[in-house]
Protein chains: 4
Amino acid sequence: MTTNRLEAFSDGVLAIIITIMVLEMKIPEGSDLESLRPILPVFLTYLGSFVYLGIYWSNHHHLMHAVSKVNGKVLWANLNLLFWLSLFPFVTGWMGENNFKKIPVILYGTILLMAALSYRLLTQVAIKSEGSNSIIRKAIGKDRKGILSIFIYIAALAISFFQPAISVFLYLLVALIWFVPDSRIEKVI
Amino acid sequence: MTTNRLEAFSDGVLAIIITIMVLEMKIPEGSDLESLRPILPVFLTYLGSFVYLGIYWSNHHHLMHAVSKVNGKVLWANLNLLFWLSLFPFVTGWMGENNFKKIPVILYGTILLMAALSYRLLTQVAIKSEGSNSIIRKAIGKDRKGILSIFIYIAALAISFFQPAISVFLYLLVALIWFVPDSRIEKVI
Amino acid sequence: MTTNRLEAFSDGVLAIIITIMVLEMKIPEGSDLESLRPILPVFLTYLGSFVYLGIYWSNHHHLMHAVSKVNGKVLWANLNLLFWLSLFPFVTGWMGENNFKKIPVILYGTILLMAALSYRLLTQVAIKSEGSNSIIRKAIGKDRKGILSIFIYIAALAISFFQPAISVFLYLLVALIWFVPDSRIEKVI
Amino acid sequence: MTTNRLEAFSDGVLAIIITIMVLEMKIPEGSDLESLRPILPVFLTYLGSFVYLGIYWSNHHHLMHAVSKVNGKVLWANLNLLFWLSLFPFVTGWMGENNFKKIPVILYGTILLMAALSYRLLTQVAIKSEGSNSIIRKAIGKDRKGILSIFIYIAALAISFFQPAISVFLYLLVALIWFVPDSRIEKVI
């Protein structure tokens, strides 16, 4: 299997995830401004998740450009990442509809953490497959951003038991850190 | 990242948006002609949104053909456009189900305006990235159509507080202006 | 715009239509065999619509292979076809849920007719764009299958006011006629 | 039609199936941990179906790489496979929501069996089309895995009338057998 094929399939899945999330914004019964109000937190969560998935899509491409061959391990590490990302619509809808309450905030953070761990796993599997002198090995380097994100997620999860609002703020912080596309691979190439 | 990849992803998202909109046409309970009547405004709104998204898809391609390289700014200007377009199913369903009432008409117009502004932002970011002597710079020129659309949307929004029907008519007018694919880039090439 | 791009977008839309149709098969409340019974007509309609969309997808490709350039007219004739095909999930769900009653059967037939007319329009627009000596002109020839289908649909629509069951049979008959992929273009090439 | 086109369309359909399955995980009413409990079996079924579809996607590619030309029979054998796979979201949702009760477990197994038979049919049709000396003929060989899976599914179906839990275990066993991508074609190439 070529990297190209894996990328096209991942693109397809990500495009669908990012788009069906909007279906969780249920059309309100009424037609006045008031009936839009319960939609607002869902909209904000949707916006956040959209940015997150945009970041994953962008970084995923940068990663795949540095991968020359796809073996079974890379394939399943990639499917594993897509699985956790596919849960975004569910946790986005639940957190949005419940106005950032404790348990939905914890679940949202858990999925963010699992996606981050899966992305790191994918990079590690790809590095192992490409070899220690590969472009990807040099490009990812110590993966400071990746490790930092994971630590912030864990902190956010711990905090969410007491102050869900701070956790949501930390989720946004990680998004901000990653907002700039992963230029590490570009630099090495 | 190549323009090709950005285009394929945008294509995917647009294809999904254009298709899931039809899910907002809920299947009626009854099986007689009468039970189809509440679907009619949803159908008409769906038709209008379909044409709008067709226009965006067509023009987006013409634009991307004139873009030679994708940097982070172009990437996020593009995702920003896709975000606003992804709200079409929601506002289409709401306006259709509420028979073109005031607030849904205002919200629909707001999304149209945001999409138009995002498209203009994308062209500006692309022009800046490509340089002042680029094909895209000459092709877009003064962007009269783009600016005219934005003014009509703002007028339509102001009018919709009093006469939503006129606003809907203005939305259709803009669609008509854009119906012909953006031939400016073709001319310059 | 290249034919390739138009084909990829159409492929995307068709893949989504064919797949979201299955969402109209609502999961039953109970968990016994009895609760599956109301799903059966929806399942059968889904199967029929799946075959229809498979035929359109297959013939669409044969058609596009004979199209060398895409102008605005071809582009919109193609979007027009996709629009009518996008209504398949709605009419499939309605006819299935209402056990082939009169009005849903008429609506289903109307969409089949509109799709057939749109496909014929697309071939005519493409022939005009390609020229009277083009491969596509020779391949489509008198388009007997296309014209026959349209006549059968009109007959089925007339009959459906009295005997919807016969109409459903006629819809299946047209599917059967088209089941073999359109080999006319292959022959000429 | 080229193999490439068939693969891209199948990729699209599989990407959509794998992603819309998550829509069957309905967002719970409450916001506490308790309200997540009924989602757990749906989540587990979703996970299982995700792995299954990942396996089909991976093996489908290996198969398509060994197919040099697409005729009408290969095309429809492929659409037949996609049809049965498209029912995964329905049976996944039903089995998950009903906590692995008898009839849903039987239906899930039936779809697994139909998909396995359809995949075998596709390989047979492809072998016939490619010829007895083709790569695909040598690669598939006696198709022990395929035949074994079909036998396990039939056994699981028989057992599910008495012990649905054992059947679910057998479904997982088949997934495990196939988890490693079909390396037979790779070896021969």
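Chain D and chain A touch through 21 residues of chain D and 25 residues of chain A, where two residues are in contact if their C-beta atoms, placed from the backbone, lie within 7 Å. On the side of chain D that touches chain A, helix 1 (3–20) and helix 2 (39–65) of chain D each give two or more residues. Helices here are DSSP runs (H or I, at least four residues), as strands are (E, at least two), numbered from the N terminus. Helix 1 of chain D provides the largest share of this side, seven residues. By class, the side has 13 nonpolar, six polar and two charged residues. Ala, Val, Leu, Ile, Met, Phe, Trp, Tyr, Cys and Pro count as nonpolar, Asp, Glu, Lys and Arg as charged, and the others, Gly among them, as polar.

The model is predicted: local features need pLDDT of at least 70, side-chain atom pairs count only at pLDDT 80 or more, and totals for chains, interfaces and linings use all residues. Residues are numbered from 1 along each chain as its sequence is written, while chains are lettered from A and ligands numbered from 1 in the order in which they are written.

Chain D also touches chain C, with 25 residues from chain D and 21 residues from chain C. At least two residues each of this side of chain D come from helix 1, helix 3 (72–86), helix 4 (88–97) and helix 5 (102–130) of chain D. Helix 1 of chain D again has the largest share, here eight residues. The side of chain D that touches chain C divides into 16 nonpolar, five polar and four charged residues.

How are the copies related? Two copies of a chain are related by a rotation about an axis and a shift along it. Chain D is superposed on chain A by a rotation of 90° with 0.0 Å of shift along the axis, at an RMSD of 0.0 Å (by least squares on the C-alpha atoms of residues with pLDDT of at least 70 in both). That is the relation of a four-fold axis. The two copies use different surfaces, as 14% of the contact residues of chain D recur in chain A.

Within one chain, the picture is helical: chain A has nine helices and zero strands. Its radius of gyration, taken over C-alpha atoms, is 18 Å, close to the 16 Å that the globule rule gives for 189 residues, so chain A is as compact as a globular protein of that length. The rule is 2.2 Å times the number of residues to the power 0.38. The C-alpha atoms of chain A fill a box of roughly 60 × 35 × 25 Å along the principal axes.
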